[in-house]
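Student: I've got this one open in the viewer. Can we go through it together?

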Amino acid sequence: MISASVSTVWPAEKQPHWLRRMGLLRSTAIVLALMVTAPLLVLALSWTTIDGEIWLHLAQTQLLRLLGNTAILLMGVTIGVLLLGVSLAWLTATCDFPGRKWFDVGLMLPLAVPAYVMAFVMVALFDYAGPVQVVLRSWLGPDVSFSFRGTGAVVLVMSLVLYPYVYMLARGAFLAQGREPLEAARMLGCGPFAGFFKVALPMARPAIIAGLALALMETLADFGAVSVFNYDTFTTAIYKAWYGFFDLQTAAQLASLLLMLVLVGLYLERRGRGDARYFQTGRRQASSGRILLRGRRALLASVFCGLVFSIAFIVPVAQLAYWVIDGAWRDWDSRYLGLVGHTLSLASIAAVITVLAALLLGLYRRLHQTKMANTLVRLATVGYALPGSVLAVGIMLSFNWLDAGIADLQKALGLPVQPWFVGGVLALILAYTTRFLAAAFGPVETSLERIKPSITEAAAILGAKPAEITRRIYLPMLMPGMLTAILLVFVDVMKEMPATLLMRPFGWDTLAVRVYEMTSEGLWQQAALPGLSIVAVGLIPVIVLVRRSAH
Amino acid sequence: MLSCLRHLIIVLPALLILGCSDGSEDKSSVAEAKPDKDEIVVYSSRKEHLIKPLFDRFTAETGIKVSYITDGEGPLMARLEAEGERTPADMLITVDAGNLWQAAQKGLFRVTDSEVLEQKVPEQFQDSQNRWFGLSLRARTIVYATDRVKPEQLSTYEALADDEWDGRLCLRTSKKVYNQSLVATLIERHGEAATQEIVKGWVDNLATDVFPNDTALMEAIAAGQCDVGIVNTYYFGRLQADNPDIKLALFWPNQDTTGVHVNISGAGITQHAKHPQLAQQLLEWLAQGEAQALFAGLNMEYPVDPAIEQDPLVKSWGTFKADDLNVDVAGRRQAEAIKLMDRAGYR
């Protein structure tokens with residue numbers, strides 16, 4: 001959905017036999033896409049009646065302001081994540097400076113910090129009553145104060161937690177480019193800056209846009225972080241209609257408008273890119289090919305990376321650790337192991353299933369270059385921009401619809417009526433798949449695109465059997481993208497709150513659930529232990545996979 | 001690359017098996033996943049640490065298991081509504097009368113006729129048709145900085161709109177139902193036009209942006225960002241328990257007029273409960289004796305039954321005259337209150 005679509009036709013007879021045989025592929029992909037789009041259909045069905053009074057009230061009192069706020073936030077986050085993500089990716093992928101190897105991994109770590117945790121940590125630290133301002137006032141006098149709950153602070157916090165999406169995908173793209181295109185540009189008379197802006201950046205554009213789209217959709221979907229700042233976005237109106245006016249229908253209508261905006265945005269991006277296609281050789285550069293920074297430049301690069309890493313990771317983690325030591329450790333009990341276990345198992349199962357689903361959709365679209373394939377894929381991945389609770393309810397309602405059908409059957413057979421899906425593990429996993437398919441699809445599709453038809457054709461001409469093509473071309477070339485996707489989904493599921501809350505089976509509490517229990521009562525300190533645990537558990541896959549992708 | 005592939009081939013199934021075995025090895029979690037025949041199922045927007053100790057005790061005393069999930073009231077009510085007759089839930093526990101009233105409006109509760117509940121829960125704190133019952137009380141009252149405000153300067157909620165408090169007031173966001181309920185009672189007393197003036201006055205007096213929760217608000221008062229605010233009593237209790245020297249105190253407003261605004265947390269038995277008798281047993285158990293004291297005490301709230309002893313810290317705040325309106329006004333006038341606050345610019 002996000003990255004460049006494949007322009008070349010991919011004739012079926014050139015494919016490995018397992019792909020060709022998969023007439024199955026098509027039906028599976030359609031079923032999958034339907035399943036994932038069902039919650040969106042629920043939203044569309046909400047338009048049967050319109051509560052004019054609430055719409056009028058929202059329009060008169062706030063809709064304009066909320067749209068303005070949302071636009072400002074999106075612009076701010078765009079600038080923030082692009083500046084941070086692209087520059088850091090460029091530095092760590094193509095240059096060498098003290099600490100570079102370490103920052104390779106370190107700069108990815110903020111991905112493990114949930115936005116809502118980052119938000120309350122930062123506000124607790126930097127707002128009026130926080131330790132920073134208290135110390136400042138003790139030095140400079142009682143009149144020193146600033147608000148850390150304004151637009152700037154929201155944009156800062158969101159950028160700090162979301163830049164890793166851009167960093168991760170852009171870094172992969174820069175690494176894959178190798179030095180050759182840049183050297184060619186240099187020979188044609190481009191300076192280093194022109195080379196970057198005219199060659200490296202455009203070549204990495206699909207990856208950067210994919211990362212940016214994830215970041216922006218997550219910004220639109222966010223409610224936890226912005227509500228810490230009481231920063232009203234379009235999502236606020238959705239929740240006002242639902243929690244305030246108890247009108248889920250109007251909330252669903254507002255949410256479907258939000259989706260329309262996202263679809264229009266994605267469409268415009270595609271139009272803007274036009275017919276440009278970017279193929280890469282897929283060769284990784286050797287580390288000797290890096291630009292060696294020296295002296296002041298090296299220092300600047302190290303300081304910049306170190307600064308971002310400190311603010312985005314060290315500071316929040318240190319504050320959480322301080323709270324834990326200061327007393328939040330009392331929250332520890334034997335059930336914590338259960339929380340960690342549930343979190344880990346849900347996240348790993350959901351990550352694998354979601355990435356396989358994304359791969360399936362990607363292959364389907366590649367083999368069937370039809371409008372329907374494109375539309376299905378687009379719809380299947382747009383749910384990422386929906387506020388979590390709204391999507392969660394949509395998913396719950398669609399599973400509930402299945403349960404209702406089964407209930408009729410149970411009644412007809414004289415069996416006791418019992419829900420099969422809602423409140424079961426399966427439904428929860430499928431809910432995660434629905435929610436995070438977009439996060440998995442970006443990296444998977446990017447790596448699918450790298451397998452140019454000519455590569456498999458060449459292999460076939462050289463006499464490679466389909467099994468060998470699969471083993472020596474498909475799997476190795478898909479692996480980095482799939483690992484990235486698994487990591488993204490794993491971490492996202494760990495941080496996920498609304499769907500987990502609504503659909504978890506009895507007793508299946510996760511770390512995020514515990515964070516919710518505390519923060520919704522205003523107990524930020526007590527949320528430190530589960531918050532820190534999420535970060536700690538999230539670090540493992542982040543480090544493993546970044547190491548792997550650095551090879 | 002090949003090592004990468006091998007790694008994945010080994011790791012993926014392992015993860016799957018690990019993940020699955022987590023569910024099947026651990027017998028207890030499977031038992032929890034499918035409630036037994038004689039097990040009460042509760043949907044609760046009251047948080048786990050406030051209900052689990054009670055359920056544990058109930059199970060110890062009666063042998064009846066209780067399983068539960070917690071979430072916000074919006075999602076829980078949406079789930080209950082969608083599940084209809086298939087719902088496993090026997091009881092919905094939620095905070096704020098506004099939410100209970102909405103749940104009753106949506107037909108999620110059944111009528112529960114119980115002598116015990118009639119006797120223990122004052123009429124003001126239960127549904128007139130016996131669909132829901134209050135279990136604990138919280139007062140939403142004024143908190144002030146003891147080093148900058150004298151209690152004589154304070155009088156009523158309405159008076160916080162006076163010029164005297166210009167730049168000295170802190171409020172929590174109007175998105176929180178507690179503020180919606182407070183404004184709903186003001187509308188009931190003063191009518192819409194006068195209430196809007198009061199709320200506008202509050203907004204004009206704000207020292208800073210509204211806060212996301214009561215605790216952050218009180219910390220801002222303690223730090224000197226503002227001098228007075230409106231909070232729920234138990235948030236103050238938690239802060240005071242952590243930090244007994246904090247320079248904040250509660251003030252009971254409107255003692256010569258309408259009384260302090262009180263709200264409830266409460267519960268009702270669901271329309272399609274599978275174990276209505278057991279659920280009623282639990283509800284009655286919660287409304288009396290030690291359980292009632294614990295229900296309120298865990299969260300430093302007031303027991304709904306005035307005969308029950310209060311938590312010592314809660315008791316130390318003194319007695320007050322409470323507003324005697326039926327709490328269902330919070331539900332009836334909630335939408336009106338939200339619209340009014342929106343118009344007044346109270347975010």
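Student: Which handedness does the crossing have where helix 15 of chain A passes helix 18 of chain A?

Tutor: This is a predicted model, where local features need pLDDT of at least 70, side-chain atom pairs count only at pLDDT 80 or more, and totals for chains, interfaces and linings use all residues. Residues are numbered from 1 along each chain as its sequence is written, and chains are lettered from A and ligands numbered from 1 in the order in which they are written. Helices (H or I, at least four residues) and strands (E, at least two) are DSSP runs, numbered from the N terminus. A crossing is left-handed if the near helix is turned anticlockwise from the far one by less than a right angle, and right-handed if clockwise; for helix 15 and helix 18 of chain A, the crossing is right-handed.

Student: And how do helix 15 and helix 18 of chain A lie relative to each other, parallel or oblique?

Tutor: Their axes, lines fitted to C-alpha atoms over the stretch in contact, are 6 Å apart at an angle of about 50°. Angles (0 to 180 degrees between N-to-C directions) under 35 degrees count as roughly parallel, over 145 as roughly antiparallel, 65 to 115 as roughly perpendicular and the rest as oblique. Helix 15 and helix 18 of chain A are therefore oblique.

Student: Which residues of helix 18 of chain A meet helix 15 of chain A?

Tutor: Contact requires C-beta atoms, placed from the backbone, within 7 Å. Helix 15 of chain A brings residues including A:Leu346, A:Ile353 and A:Arg366.

Student: What about helix 4 and helix 10 of chain A: at what angle do they cross?

Tutor: Helix 4 covers residues 63-94 of chain A and helix 10 covers residues 192-221 of chain A. This pair is right-handed and counts as oblique. Their axes come within 10 Å and cross at roughly 140°.

Student: How many residues of chain B are in contact with chain A?

Tutor: Helix 1 of chain B gives the largest share of its side, ten residues. Chain A puts in 50 residues, and the count for chain B is 55.

Student: Where in chain B does pLDDT stay under 50?

Tutor: pLDDT is the predictor's confidence in each residue, from 0 to 100, and its mean for chain B is 90. Where pLDDT is low, the predicted coordinates should not be read in detail. In chain B, the stretch under 50 is residues 1-34.

How values were computed: Contact = placed C-beta atoms within 7 Å.
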